[in-house]
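Hi,

Here is the structure I said I would pass on. Have a look at it first, and then read on for what turned up.

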Amino acid sequence: MSLARFTRADCETLDQQDSLSALRNQFSLPEGVVYLDGNSLGPLPVATPGRVARTLSEEWGKGLITSWNTAGWLDLPQQVGDKIARLIGAHPGEVVAADSTSINLYKTLSAALNIAADDPRRTAIVSERGNFPTDLYIAQSLCRDRGLALRLVERDELAVALRDDVAVLMLTHIDYRTGAMHDMAALSAQAHEAGILTVWDLAHSAGAVPVDLNVAGADFAVGCGYKYLNGGPGAPAFLWMNPRHADHIRQPLTGWWGHATPFAFTTDYIPAAGINGFQSGTPSILGLAALDCGLDTLLAAEAFGGMTALRQKSLALTSLFMTLVQERLQGHGFEIVTPTDEPLRGSQVSLSRADGAWAIMQALIERGVIGDFRAGDGGQQHDLLRFGFAPLYTSHADVWQAVDQLHQVMQSGQWREPRFAQRRAVT
Ligand SMILES: *Cc1c(COP(=O)(O)O)cnc(C)c1O
């Protein structure tokens, strides 16, 4: 960065030069709010209420059950999946939108373990100790039921953990706490060299950074519809499998929707070909309609350079935030825990603080800057303030505003007011 400090006017100039800035108009963001929590729940696209209302009143209300055939409901999981595929380096027909990330993890992890079971020496799943809890809980359940070991290691111990008794390496591509990003291609290659399959969770990657699952040679992937894909609260998630596994997978939740011919109502289960065999029950059409609108907001960026251009902007925003934090928040007890090295981070920046992180975030939210809080472990790992910088709708001026307000919260000591100490259920 230059010697001169950044100003608000500099940030406004950057916004004027930003060819992606018009994409923000696709969202109904409340006036006066700086929304930096799209890594947890993406904002409402302008198109979504109309689409969902039409699905309700026209397709359901008037079309009734015929809409499965006439309104495209039947193919919606694949159509939405094909849009997601464009964001994660998958081909058409390789992705399906279904269920939740947790359930999709169960299905893909089981399928990977079923493949690995050909070699009875492979009795462990390796993951990171800091992986998202639901990923660990799902793996714990599978390990318990199958008599396998779950080996949780630190990020820098992963390479040595890839031994020949490991069945599956299960990782979240971008860490939900720190925003640190793995090298998917390198780790997949290392895993494969040791005969290990990989399952990747793209919850904080899809729509946030370019992902190329096929080039990386990953085996399975799942991801979330309501974060950077802007699908709305509880939106359907997605799953992908490398086509090389398509002919010999077995997943455990063999519901009728994953059957080759669900409407033949046969007694015995025959899996649908490829990724469609990973469906279980009837898809949520309302959820898919909203997710479809969320995806369109990302695909609109294809006219401006797509995920590559979004990544450039995301890096510019996260760099700007880190620079401003260093310039303006010295001495206030924050530490940037997100990697400053660009290839090593996703689209969020997290600040740790020994105490007060919850109250500081509450004071910031009251001032219209919405980030969130993640608790540390009460020991070495401090509490975090998380800031997501979704490049589709975040401006450089937003970044300025966030640091400026945080500076005021700290400088005034306002965060110490008792009302900010009160904890809520969702953090
Ligand atoms: C958000 C998130 C999930 C969410 O799982 P759900 O089943 O949708 O609740 C899972 N894994 C990771 C890494 C996440 O960040």
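Strands S7 (residues 220-223) and S8 (residues 237-241) run antiparallel and are joined by 4 bridges. One of the pairs is Ala-221 with Trp-240 in S8. Strands here are DSSP runs of E with at least two residues, helices are runs of H or I with at least four, and both are numbered from the N terminus; two strands pair if DSSP finds at least two bridges between them.

Before going further: this is a predicted model, where local features need pLDDT of at least 70 and side-chain atom pairs count only at pLDDT 80 or more, while totals for chains, interfaces and linings use all residues. Residues are numbered from 1 along each chain as its sequence is written, and side-chain values use heavy atoms, with hydrogens and water left out.

S7 and S8 belong to an open sheet of 7 strands with mixed pairing, in the order S2-S8-S7-S6-S5-S3-S4. (Axes are lines fitted to C-alpha atoms, for helices over the stretch in contact, and angles between N-to-C directions run from 0 to 180 degrees.)

H6 (residues 133-146) lies across S3 (124-128), S4, S5 (166-172) and S6 (197-201), at about 150 degrees to S4. Contact means heavy atoms within 4.5 Å.

Then there is a second open sheet, with 4 strands in the order S9-S10-S13-S12 and antiparallel pairing. Its edge strands, S9 (335-336) and S12 (372-374), each pair on one side only. S9 and S10 (residues 348-353) share 2 bridges, and Glu-335 has Ser-352 in S10 as its bridge partner. Helix H12 (residues 357-366) packs on this sheet, touching S10, S12 and S13 (383-388), with its direction about 30 degrees from that of S13.

How many residues of S10 are buried? The count is 6 of the 6, so S10 is largely enclosed by the rest of the structure; buried means under 20% relative accessible area, exposed over 50%, and partly exposed in between (1.4 Å probe, protein chains only). S10 also pairs with S13 over 6 bridges, where Ser-352 has Leu-384 as its partner.

Cheers
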